[in-house]
Amino acid sequence: MPDVFADLVGQDEAVAELRRAAAAAAAVLRAGAADREPALIPAGGADATVVPGDAASGGVDPSTGMTHAWIFTGPPGSGRSVAARAFAAALQCAYGSGCGECPGCHTTMGGTHADVRMVVPEGLSIGVGEMRALVLRAASTPSGGRWQVVVIEDADRLTEAAGNALLKAIEEPPPRTVFLLCAPSTHPDDVSVTIRSRCRVVPLRQPPAAAVAEVLVRRDGIAPDVARWAAAAAQGHVGR
């Protein structure tokens, strides 16, 4: 069975970064099990890393470490929500790799993991009441012993009040909670400057047609010639 990042098409650099972070997160848990309650340093942009010593104990380079808040950006069809869900699965993976086979991977990818909450706007915006309730639940101890993960699709639809509620949680994060935001860009019209400054950004690009065709053949069993035509017609938009 393919691992959880298999459908993140044409994003090799992003996948490599997320794999390193998932490995570092697993190292934090291993160190915490032996020494103390695991925790993550609040993100300070691209330089945020795991708590000093934790990564080293797991053989992971601290410069590629884990942090508690992420923003996935990119054009429509680049796979922002696919990347966030795959990363959430890797964090819940029993092996810390996103193997695609363990219960943590299966339930996260299937949308049934008790410690992964997907926020998908039903209307034009995400309100403050919904965000406050979500932040409160996310502060609880993970039932599965790994991480509480909150995935916010279309984070650019947060109202100002909802954004402020989220900002407070990101500024003072619970030790076992990770926030994954998806937005078209880090422009202030999409994500507030203060939230952006506390997150690590993972930029995604429009995938090349050849990469889209490959996943259509592998995943969906489409004939190669039809897959190439569809990929070209969709102009790199995987969902389309």
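Student: Which residue in β4 is the bridge partner of I152?

Tutor: This is a predicted model. Strand β3 covers residues 148-152 and strand β4 covers residues 177-183. The two pair in the parallel sense over five bridges. In β4, the partner of I152 is L181.

Student: In what order do the five strands stand in the open sheet?

Tutor: The pairing is parallel. From one strand to the next, the twist averages 15°. The order is β2-β3-β4-β1-β5.

Student: Which strands stand at the edges?

Tutor: Take the sheet order, β2-β3-β4-β1-β5. An edge strand here has a single partner strand, so one side of it is left without a neighbour in the sheet. That holds for residues 116-119 and 200-203. These are β2 and β5.

Student: At about what angle does helix α5 run to β3?

Tutor: Helix α5 spans residues 128-138. It lies across β2, β3 and β4. Its angle to β3 is about 160°.

Student: Is V226 buried, exposed or partly exposed?

Tutor: V226 is found in helix α9, residues 224-234. With I222 and W229, V226 forms a nonpolar surface patch of about 310 Å² accessible area together. Its relative accessibility is 41%. Buried means under 20% and exposed over 50%, so V226 counts as partly exposed.

Student: How far apart in space are R219 and A6, C-alpha to C-alpha?

Tutor: R219 sits in helix α8, residues 209-220. At 38% relative accessibility, R219 counts as partly exposed. In sequence, R219 and A6 are 213 residues apart. In space, their C-alpha to C-alpha distance is 9.1 Å.

Terms used
Residues numbered from 1 in each chain as written. Predicted model: local features only at pLDDT ≥ 70, side-chain atom pairs only at ≥ 80, totals over all residues. Heavy atoms only, no water. Pairing = 2+ DSSP bridges. Helix = DSSP H or I, 4+ residues; strand = E, 2+ residues; numbered from the N terminus. Axes fitted to C-alpha atoms, helices over the stretch in contact; angles between N-to-C directions. Contact = heavy atoms within 4.5 Å. Patch = residues over 30% accessible without salt bridge, like charges linked within 9 Å, V, L, I, M, F, W, Y side chains within 5 Å. Areas by Shrake-Rupley, 256 points an atom, 1.4 Å probe, with all protein chains shown as cover. Salt bridge = Lys/Arg side-chain N within 4 Å of Asp/Glu carboxyl O. Buried < 20%, exposed > 50% of the residue type's maximum accessible area, 1.4 Å probe, protein only.
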